[in-house]
Amino acid sequence: MQLTTDSVLLGAWVWAEAAGGVTAGTTGAVAGTVVPQTVLDVGTGCGVLALMMAQRFEQACIHALDIDGQSVSEARGNADLSPWPERIRIVEGDFRQCLFSGPYDLVVTNPPYFRLALEPEQERRARARHSGGSSLTHEELLQGVVRVLAEDGTFALILPAGQEAGFLSVAITGQDPLYPSRITRVVTGKSSPAAGNVPPTRVLLELTKKQTTPRIETLFLYDATEDKYSQQYINLVKDFYLWA
């Protein structure tokens with residue numbers, strides 16, 4: 001099972017304010033820290049996020065969904081080999097059609113349109129031609145989340161930095177709006193991030209049904225002066241990597 005930086009970032013970051021959050025460049029209020037008891041992972045793939053949620057939230061019941069049968073089989077196998085098989089349920093189905101037993105305290109997703117955005121243009125085109133329109137749009141994802149999210153629940157996801165404004169616009173102006181409660185912009189470049197000349201390439205978002213002043217943070221993956229991971233990033237992911 002491959003642990004991608006994107007999934008590990010999201011899995012380690014969500015609800016991290018309970019342990020002090022990401023401190024660099026922080027502004028805004030701190031969100032609530034009620035530990036989730038029910039978690040839904042939309043588009044689970046090989047199940048990395050579901051496993052991370054089971055590890056982090058020891059009492060939580062984890063449901064995970066994917067439209068791809070092969071991914072579901074892999075995720076089930078990984079869950080069965082984990083220390084938490086009794087708390088993880090993997091379901092095959094389309095998020096736009098499946099009925100869930102929510103409400104969920106926490107919904108997480110590493111959306112497929114994010115993964116496509118990081119691939120070479122030729123690969124993106126090839127996969128798009130064969131997708132059959134199966135990838136969720138922003139609107140469809142948000143509509144589904146609103147339907148299953150508890151009134152005081154949190155929705156968390158990772159996006160390319162360039163999609164932040166458009167996604168939040170859709171979320172806030174929807175019939176049942178979701179509002180940002182926490183925004184962390186992730187700088188993945190190595191060239192003097194302290195000097196401010198490396199723009200963020202990712203954005204981590206938490207949204208809720210209640211409007212609040214969002215906590216805004218910056219996370220640097222690399223040290224500003226040395227060619228190594230930043231202590232900020234190491235502190236965030238140390239429970240999930242042997243090298244950290």
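User: Which residue in β7 stands opposite Phe 155?

Analyst: Leu 207 is the residue across from Phe 155. Before going on, note that this is a predicted model, where local features need pLDDT of at least 70 and side-chain atom pairs count only at pLDDT 80 or more, while totals for chains, interfaces and linings use all residues. Numbering starts from 1 along each chain as its sequence is written, and side-chain values use heavy atoms, with hydrogens and water left out.

User: How do I read the strand pairing there, and over how many bridges do β5 and β7 pair?

Analyst: Start with the terms. Strands (E, at least two residues) and helices (H or I, at least four) are DSSP runs numbered from the N terminus, and two strands pair if DSSP finds at least two bridges between them. Here, β5 (residues 149-160) and β7 (residues 202-208) run antiparallel and share six bridges.

User: What is the strand order in the whole sheet?

Analyst: Read across, the order is β3-β2-β1-β4-β5-β7-β6-β8, an open sheet of eight strands with mixed pairing. At the edges sit β3 (88-92) and β8 (215-220), each pairing on one side only. On average, neighbouring strands are turned by 15° against each other, direction ignored; the axes behind that angle are lines fitted to C-alpha atoms, for helices over the stretch in contact, and angles run from 0 to 180 degrees between N-to-C directions.

User: Let's zoom in on β2. Is this strand mostly covered or mostly exposed?

Analyst: Go by relative accessible area: buried is under 20%, exposed is over 50%, and partly exposed lies in between (1.4 Å probe, protein chains only). In β2 (residues 61-66), five of the six residues are buried, making the strand mostly covered.

User: Which strands does β2 pair with in the parallel sense?

Analyst: One partner is β1 (residues 38-42), parallel over five bridges, with Thr 38 opposite Cys 61 of β2. The other is β3, again parallel over five bridges, and there Ile 62 faces Ile 88 of β3.

User: Asp 66 lies in β2. Which backbone nitrogens lie at 3.3 Å and 2.8 Å from a polar atom of its side chain?

Analyst: The Thr 44 nitrogen is 3.3 Å from a polar side-chain atom of Asp 66, and the Gly 45 nitrogen is 2.8 Å from one. Asp 66 is buried, because its relative accessibility is 8%. Its contacts (heavy atoms within 4.5 Å) beyond four places in sequence include Ser 71, Val 72 and Val 91.

User: And Ser 71: where is this residue found?

Analyst: Helix α3 (residues 69-80) holds Ser 71. Its relative accessibility is 18%, so Ser 71 counts as buried. The Ser 71 side chain makes a 2.8 Å polar contact with the side chain of Asp 68.

User: Now charges. How many salt bridges does the structure hold?

Analyst: A salt bridge is a side-chain nitrogen of Lys or Arg within 4 Å of a carboxyl oxygen of Asp or Glu, and the structure holds eight. One of them joins Arg 96 and Glu 140, with the closest N and O atoms 3.1 Å apart. Arg 96 is in the loop between β3 and β4 (104-109) and Glu 140 is in helix α6 (residues 138-148), so this pair ties together parts 44 residues apart in sequence. Arg 96 is partly exposed at 31%, and Glu 140 is partly exposed at 26%.

User: Which residues are linked in a network of salt bridges?

Analyst: Arg 182, Glu 206, Arg 215 and Glu 217. Glu 217 bridges to Arg 182, the closest N and O atoms being 3.1 Å apart. Glu 217 lies in β8 and Arg 182 in β6 (residues 179-187), so the pair links parts 35 residues apart in sequence. Glu 217 also meets Arg 215 at 2.8 Å, N to O. Glu 217 is buried at 0%, and Arg 215 is buried at 6%.

Notes
A polar contact is a pair of N or O atoms within 3.5 Å; within protein, one must be able to donate a hydrogen and the other to accept it, and residues adjacent in sequence count only if both atoms are side-chain atoms.
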